[in-house]
Amino acid sequence: MRRFATFAASFALVSLAATAARAGGWQEVHQTSDDLRIAVAPDGVATFEHKLRYRIVAGKFKTLDVASIDPRGELTPETTLASEKGGEIAARVEPNPKTPGTARIVIDDPKGLGRGAYVATIKYKLDLVATKVLARDGAMWRLAWTAPPAAEGRDGARVVFELPPAPTEPRLPAAETAQTTLATFHRLADKDELELVRPHVPRGEAVTWAARIDPKALPAVNAPELRAPAPPPPPPVIGGRAPAILAAAALAAIAGLLAFVLRKKRALVDAASVARSVAPRPLVALPPRFAPIVPFAYGASAAGAFAAFA
């Protein structure tokens with residue numbers, strides 16, 4: 001008898017809960033996944049495409065809150081919800097007036113959404129250069145986007161970076177490899193794809209998805225802070241034959257000075273020889289006709305030797 005009474009009470013509670021759910025008193029919905037694709041155009045403007053999966057446990061919903069989008073993006077208002085039971089449900093996306101910085105999905109069907117699983121596709125555009133999502137990282141660029149904190153923990157969080165083809169493939173930054181992010185690269189005919197997966201994202205955690213990309217993948221981006229600094233200009237070159245003329249003039253001046261010194265020395269030697277009534281004896285006797293040019297030849301040769309060893 002006691003067992004029957006317990007069963008009856010439990011049945012009554014379940015029936016009451018079901019009745020309350022049908023009456024709109026109990027509503028429960030969970031966002032179970034968020035697959036994201038970020039398609040980057042050559043000018044640095046990216047299209048974000050979220051595929052959000054919701055599981056409605058009880059109640060009827062005419063709106064669904066979306067907290068995982070970037071509030072800086074330009075929303076595409078049209079969207080659809082695909083039901084696991086088949087068919088599509090028309091809806092629209094708009095900023096959430098109750099929670100600034102988030103959005104909500106508004107169901108066009110006045111009956112709302114009932115129990116089951118649904119996948120909503122939300123798109124928006126974001127300028128990666130203006131929002132500083134792109135930054136220079138040595139010879140490469142770093143694309144790092146931080147998702148808003150997850151309202152609920154989820155498994156298998158996934159992001160795909162879709163980029164124009166480039167000589168160097170996109171890759172996971174070295175700092176990210178130590179974490180639990182799995183990276184898979186796909187090279188297609190017209191694009192490169194880097195798929196990143198994290199096995200689990202805890203509730204309330206803001207995940208940063210990052211990749212190092214080749215700047216040649218985005219040729220239309222001309223932001224000065226992203227481009228590598230220009231090499232320093234070469235040292236100025238004096239035009240014409242001015243350097244050679246200056247060098248020749250300097251050597252000529254040195255040669256003239258040495259010739260003057262040698263001539264002055266010869267004059268002193270001749271005067272001293274006359275005073276002592278002796279004849280000077282040179283080390284190398286030259287004909288008298290060569291005597292005037294000896295100082296100049298000495299100066300020129302000495303200046304040339306100085307230039308050769310300088």
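Reply: One definition comes first: helices (H or I, at least four residues) and strands (E, at least two) are DSSP runs, numbered from the N terminus. The model is a predicted one.

Me: How many helices and strands does the secondary structure of the protein come to?
Reply: Helices and strands are taken here as DSSP runs. On that basis the protein has four helices and 14 strands.

Me: What is the mean pLDDT of the protein?
Reply: A pLDDT of 70 or more is reached by 72% of the residues. Residues 1-23 have a pLDDT below 50, and this stretch has six contacts in the model beyond near neighbours in sequence. For the protein, the mean pLDDT is 79.

Me: What percentage of the contacts with a separation of 6 or more is between residues 24 or more positions apart?
Reply: Contact here means heavy atoms within 4.5 Å. Among contacts in the protein with a separation of 6 or more, the share from residues 24 or more positions apart is 70%.

Me: What percentage of the residues of the protein count as buried?
Reply: A residue is buried when its relative accessible area is under 20%. The accessible surface of the protein is about 19,300 Å², with 63% of it belonging to carbon and sulfur atoms. Of the 310 residues, the buried part is 30%.

Me: Which strand supplies the largest share of the lining of the second largest pocket?
Reply: This pocket has a volume of about 300 Å³. Its lining has 17 residues, with Gln31, Tyr54, Asp65, Ala151 and Glu152 nearest the centre. At least two lining residues come from each of β1 (28-40) and β3 (63-66). The largest share, four residues, is that of β3.

Me: How many nonpolar residues are in the lining of the second largest pocket?
Reply: Tyr and Ala are counted as nonpolar, Asp and Glu as charged. The lining has four polar and three charged residues, and the nonpolar ones number 10.

Me: Which element gives the most to the lining of the largest cavity?
Reply: The structure holds three cavities of 30 Å³ or more, and the largest has a volume of about 120 Å³. It is lined by 16 residues, of which Asp34, Ala147, Arg154, Ala157 and Trp209 are closest to its centre. Two or more lining residues come from each of β1 and β11 (154-163). With four residues, the element that gives the most is β11.

Me: How many charged residues are in the lining of the largest cavity?
Reply: Asp and Arg belong to the charged class. The lining divides into 10 nonpolar and two polar residues, with the charged ones numbering four.

Me: Is Leu134 buried or exposed?
Reply: Leu134 is in strand β9 (residues 134-137). Beyond residues up to four places away in sequence, Leu134 touches Leu128, Val129, Trp141, Arg142, Leu143, Ile213, Leu218 and Leu226. Its relative accessible area is 5%, so Leu134 is buried.

Me: What is the phi of Lys132 near?
Reply: Lys132 lies in the loop between β8 (116-127) and β9. Its relative accessible area is 59%, so Lys132 counts as exposed. Most residues other than glycine have a negative phi. Lys132 has a positive phi, near 60°.

Me: How far apart in space are Ala166 and Ile213, C-alpha to C-alpha?
Reply: Ala166 is in the loop between β11 and α2 (174-177) and is buried, at 8% relative accessibility. Ala166 and Ile213 are 47 residues apart in sequence, and their C-alpha separation is 8.6 Å.

Me: What separates the C-alpha atoms of Ala210 and Arg142?
Reply: Ala210 is in strand β14 (residues 208-213) and counts as buried, at 1% relative accessibility. Along the chain Ala210 and Arg142 are 68 residues apart, and their C-alpha atoms are separated by 6.9 Å.

Me: What is the relative accessible area of Leu188?
Reply: Leu188 is in the loop between β12 (182-187) and β13 (192-201). The C-alpha atoms of Leu188 and Pro164, 24 residues apart along the chain, are 9.8 Å apart. Leu188 is partly exposed, with a relative accessible area of 39%.

How values were computed: Residues are numbered from 1 along each chain as its sequence is written. This is a predicted model: local features need pLDDT of at least 70, side-chain atom pairs count only at pLDDT 80 or more; totals for chains, interfaces and linings use all residues. Side-chain values use heavy atoms; hydrogens and water are left out. Buried means under 20% relative accessible area, exposed over 50%, partly exposed in between (1.4 Å probe, protein chains only). Accessible areas come from the Shrake-Rupley method with a 1.4 Å probe; for residues, only the protein chains shown count as cover. On a 1 Å grid over the protein atoms alone, a cavity is a set of points where a 1.4 Å probe fits but cannot get out, and a pocket is an open set with protein on both sides within 12 Å along at least five of seven lines; lining residues have an atom within 4 Å of a point. Grid points are joined across faces, edges and corners, and a volume is the space filled by probe spheres set on the points. pLDDT is the predictor's confidence in each residue, from 0 to 100.
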